Structure formats: C-alpha cells, structure tokens
Amino acid sequence: MMEWMDQAIQAYAGEHTSPEPAVLAELSRLTHEKVHSPQMLSGHLQGRFLALLSRLLSPSLILEIGTYTGYSAICLAEGLRPGGKLITLDNDPQVTDIARRFFEKAGLASQIDIRLGEALQLIPGIEGSMDMVFIDADKRNYSKYFDLVVDRVRKGGLIVADNVLWSGRVTKEEKDKQTAALDAYNKKVLADKRVTALLLPVRDGLNIAQKIV
C-alpha cells in the first residue's frame, strides 16, 4: 500500500520538511522493526502536517479514532493548549501498550487518554465539544464515525480522515468493500452542508472537513 505516489517527490518533500522530534523517530523505528503493518504509521510528512493543523487550532479537546502505536497522537498533541486533552480510541492492547510508553517518553501521558474498546460504543460516552477529530481506524465505519462526531465538533473545528485514497483504488470502477466505503465517505462529506471539504493527496489521502455551522 501507498507506493503508488512518486517516491522521488515524496523523498524531496520529506527532505524539505522540518524533522520529526527524536521520540517520534524512535517510535517509527520500533514500529517498523517490531509491529505488524508498519505502513499504518502516519510517518514524518503526514505527522508534521497533523501537528501543524493542531497548532493552528490550539485545541482543548481532540478525539483520535485509531491509536496504533501512538505516532499521530503525539503529533496532534503538539498543538494542545494548556490543560487540553487528546482522547484516543483503539481495541488492540498490544499496540496501545507501545503508545502508552511513548506518550510517557514524550512527556504527554497526562494529556493523552487511551480508551480501549470499540469506537462506535465509546464515542457517545465522550463529554465536551471537540475541536478536532482524526479518523484512522476500520475503513468500513468511517461514515458512522462521522455521523457520531459531526454535531459534537465546534464551528471552525476539523474532522480529518486518513487513507481516503486507499492507494488510488477509490478511482477504480471495480471496488472492494473497504474501497467502496471510503469512496462513499468522501462523497458523504462533500455533500454535507455542515462542513466544507478538502481532499489532499498527501501520503494515502487526507479528507479534511471544517465545521461551518
């Protein structure tokens, strides 16, 4: 997956982007060496972009759906205002154990709340208005996640969904169920009058929806 974009351009972009913090470089190395499906990691370029979005928003509450080993959570937490919190949801205790260790290393353990379980059940129990939501979990449920959070996001806040190009497969006429679900998500967000949509071909595609009402 995600080898469909020009590798020279990706390398050039990375070379001309501020480097990732040392704790993220360490986490990236460990994930690639020890964890299954390391391509799920957000990585340098996308991670710096998520950090930039978060710093621009200065959020009090971020919801992340899909923790994996914690790379994207650390990036997103960079922009939290004093006293702010990031809640991250996952159902895999093995990868979240790694995430927990690296949240400690990054000095973010007090700001990041890991909740284990199925996101569709956990989201309704989260209190407060959300400034930013990052969706990077099971693709078939993206539209359900959107429906659960869109009215909880404040005006001006963001819903960012990862992997929305799915290695370019969303452009193909024949689509498997995951690809069809992502294509349906992109169309759903575009049609929703509560948000404005921007689909960026960064890495495997980021759908950025800003709440306007």
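So, a polar contact here is a pair of N or O atoms within 3.5 Å; within protein, one must be able to donate a hydrogen and the other to accept it, and residues adjacent in sequence count only if both atoms are side-chain atoms. With that in hand, look at Asn 207 and Asn 186, whose side chains are joined by a polar contact of 3.0 Å.

Quick housekeeping. This is a predicted model, where local features need pLDDT of at least 70, side-chain atom pairs count only at pLDDT 80 or more, and totals for chains, interfaces and linings use all residues. Numbering starts from 1 along each chain as its sequence is written, and side-chain values use heavy atoms, with hydrogens and water left out.

Back to Asn 207. You'll find Asn 207 in strand S7, residues 206-211. Helices (H or I, at least four residues) and strands (E, at least two) are DSSP runs, numbered from the N terminus. Is Asn 207 buried or exposed? Asn 207 is buried, at a relative accessible area of 2%. The cut-offs are under 20% relative accessible area for buried, over 50% for exposed, and partly exposed in between, with a 1.4 Å probe and protein chains only. How far apart are the end C-alpha atoms of H8? They are 21 Å apart, which agrees with the 21 Å that the 15 residues of H8 (177-191) should span at 1.5 Å a residue. That expected span is 1.5 Å times one less than the number of residues. At the start of H8, Asp 176 brings a side-chain oxygen to within 3.2 Å of the backbone nitrogen of Gln 178.

Now over to helix H2, residues 22-34. H2 has 13 residues and reaches 18 Å from its first C-alpha to its last, close to the 18 Å expected at 1.5 Å a residue. Its buried set is Val 23, Leu 24, Ala 25, Leu 27, Ser 28 and Thr 31, and these pack against helix H3 (43-57), helix H4 (71-77) and helix H5 (93-105). Take Ala 25: this residue is buried, with a relative accessible area of 18%. Ala 25 and Tyr 71 sit 46 residues apart along the chain, with their C-alpha atoms separated by 9.4 Å.

On to H5, which is the place of Ala 99. Ala 99 is buried, at a relative accessible area of 0%. Not counting residues up to four places away in sequence, Ala 99 touches Thr 67, Tyr 68, Thr 69, Gly 70 and Ile 114. From Ala 99 to Glu 33 is 66 residues in sequence and 15 Å in space, C-alpha to C-alpha.

Tyr 68 is in the loop between strand S1 (61-65) and H4, and counts as buried at 9% relative accessibility. Its phi is near 55 degrees, a positive value in a residue other than glycine. Most residues other than glycine have a negative phi. Ser 37, in the loop between H2 and H3, also has a positive phi, about 55 degrees, although it is not a glycine. Ser 37 is partly exposed, with a relative accessible area of 29%.

On a 1 Å grid over the protein atoms alone, a cavity is a set of points where a 1.4 Å probe fits but cannot get out, and a pocket is an open set with protein on both sides within 12 Å along at least five of seven lines; lining residues have an atom within 4 Å of a point. Grid points are joined across faces, edges and corners, and a volume is the space filled by probe spheres set on the points.

How many cavities of 30 Å³ or more does a search of the whole structure find? The search finds 1. The largest cavity has a volume of about 50 Å³, and its lining includes Met 40, Tyr 68, Tyr 71 and Asp 136. By class, that lining has 4 nonpolar, 6 polar and 1 charged residues. For the classes, Ala, Val, Leu, Ile, Met, Phe, Trp, Tyr, Cys and Pro count as nonpolar, Asp, Glu, Lys and Arg as charged, and the others, Gly among them, as polar.

The largest pocket holds about 570 Å³ of space. It is lined by 29 residues, and Met 40, Asp 90, Asp 136, Ala 137 and Asp 138 lie nearest its centre. Strand S2 (85-90) and helix H6 (119-122) are the elements that give two or more residues to that lining, and H6 gives the most, with 3. The pocket lining divides into 12 nonpolar, 10 polar and 7 charged residues.

Terms used:
Contact means heavy atoms within 4.5 Å.
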